[in-house]
Amino acid sequence: TGPTVSASLVKGQVGQDITVPCFYRVNTREDITSMCWGRDSCPASKCSQPIIWTDGQKVTEQYDSRYTLKGNLAMGDVSLTIVNAQEADSGMYCCRVEIAGWFNDQKSNHKVVIEKARISTASPHTYTSEQTSAPGSTSESSLTITRTWTSDSTVEAPQTASRPCSSTSDCLDVTSNVQ
């Protein structure tokens with residue numbers, strides 16, 4: 001019936017261990033099979049830019065020690081763990097489980113997005129953004145948001161959002177605590 005390709009999105013932060021899920025059904029010992037992980041979308045066969053291969057029982061090739069399989073391979077858990085993820089690890093990954101027969105392989109593409117951590121030191125951070133409505137629109141209002149925070153969990157800093165308003169009923173002061 002042709003190959004089945006599924007897809008997923010996995011997000012994480014720099015420095016975390018990120019697990020990209022991949023499973024296949026193992027009913028009997030004969031179902032255990034080889035598989036590979038590669039960088040890029042799944043090609044017609046094998047894995048592009050391979051990073052790890054298994055024979056179904058154990059890892060047979062590993063191109064970087066940061067890429068590991070921590071699941072139970074014999075039970076079909078071939079999820080990829082990226083240890084100490086970096087922004088450069090972002091991109092498309094292919095999990096290909098080799099199923100006997102023509103065009104039977106189970107393929108899944110996974111988009112991985114690794115972002116910098118928002119809070120990385122104990123010093124306070126401030127982020128300000130300003131948005132103005134598009135020229136020619138009916139209202140020429142602007143919005144300014146300022147956020148201040150620290151990574152010390154015992155300190156809370158206020159967040160305020162305000163904008164010009166046309167009447168007193170439109171004016172709202174919003175204050176909430178941001179850790």
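Predicted model: local features only at pLDDT ≥ 70, side-chain atom pairs only at ≥ 80, totals over all residues.
Tutor: Let us begin with a term: a residue is called buried when its relative accessible area is under 20%, and exposed when that value is over 50%.

Student: Which residue does Cys 22 form a disulfide with?

Tutor: The partner is Cys 95, and the sulfur atoms of Cys 22 and Cys 95 are 1.9 Å apart. The torsion about their S-S bond is -80°, which goes with a left-handed link. Cys 22 belongs to the loop between E2 and E3 while Cys 95 belongs to strand E8, so this pair ties together parts that are 73 residues apart in sequence. Cys 95 counts as buried too, with a relative accessibility of 0%.

Student: How many disulfides does the structure hold?

Tutor: The structure holds three disulfides. Another one joins Cys 36 and Cys 47, whose sulfur atoms are 2.0 Å apart, and with 90° about the S-S bond this link is right-handed. Cys 36 lies in strand E3 and Cys 47 in the loop between E3 and E4, 11 residues apart. Cys 36 is buried at 0% relative accessibility, and Cys 47 is buried at 9%.

Student: Which residue does a disulfide join to Cys 42?

Tutor: That residue is Cys 94, with 2.1 Å from S to S. The torsion about the S-S bond of Cys 42 and Cys 94 is about 105°, so this disulfide is right-handed. Since Cys 42 sits in the loop between E3 and E4 and Cys 94 in strand E8, the pair ties together parts that are 52 residues apart in sequence. Cys 42 has 16% relative accessibility and counts as buried, and Cys 94, at 0%, counts as buried as well.

Student: Strand E3 has come up already, so how should I read a strand in general, and how many residues of E3 are buried?

Tutor: The general idea is that in a regular strand the side chains alternate between the two faces of the sheet. In this structure E3 covers residues 35–39, and five of its five residues are buried, so E3 is largely enclosed by the rest of the structure. You can follow this face by face: Met 35, Trp 37 and Arg 39 are buried on one side, while Cys 36 and Gly 38 are buried on the other.

Student: Which strand does E3 pair with over four bridges, and in which sense?

Tutor: As a general idea, strands of a sheet pair through backbone hydrogen bonds, either parallel or antiparallel. Here E3 pairs with strand E4, residues 50–54, in the antiparallel sense and over four bridges. To find this pairing in the model, look for Cys 36, which stands opposite Trp 53 in E4. E3 is also joined to strand E8, residues 91–97, by five bridges, and these two strands run antiparallel. There, the bridge partner of Gly 38 is Cys 94 in E8, and Cys 94 is the cysteine that a disulfide joins to Cys 42.

Student: In what order do the three strands of the open sheet stand?

Tutor: The order is E2-E7-E6, with antiparallel pairing. The edge strands are E2, residues 18–20, and E6, residues 67–69, and each of them pairs on one side only. From one strand to the next the twist averages 30°. E6 pairs with E7, residues 80–82, in the antiparallel sense over three bridges, and within this pairing Thr 68 has Thr 81 in E7 as its bridge partner.

Student: Turning to the aromatic rings, how many aromatic pairs are found in the whole structure?

Tutor: Two aromatic pairs are found. One of them is Trp 102 with Phe 103, whose ring centres are 6.1 Å apart and whose planes stand at 45°, so the pair is tilted. To see the reasoning, recall that planes under 30 degrees apart count as stacked and planes over 60 as edge-to-face, with the rest called tilted.

Student: Are Trp 102 and Phe 103 buried or exposed?

Tutor: Trp 102 has a relative accessible area of 75% and is exposed, and Phe 103, at 60% relative accessibility, counts as exposed.

Student: Where does the charged end of Arg 66 sit?

Tutor: The charged end of Arg 66 sits over the ring of Tyr 67, at 5.8 Å from the centre of that ring.

Terms used
Residues numbered from 1 in each chain as written. Heavy atoms only, no water. Buried < 20%, exposed > 50% of the residue type's maximum accessible area, 1.4 Å probe, protein only. Pairing = 2+ DSSP bridges. Axes fitted to C-alpha atoms, helices over the stretch in contact; angles between N-to-C directions. Disulfide = S-S within 2.5 Å. Phe/Tyr/Trp six-rings, centres within 6.5 Å; stacked < 30°, edge-to-face > 60°. Lys NZ or Arg CZ within 6 Å of the ring centre and 35° of its normal.
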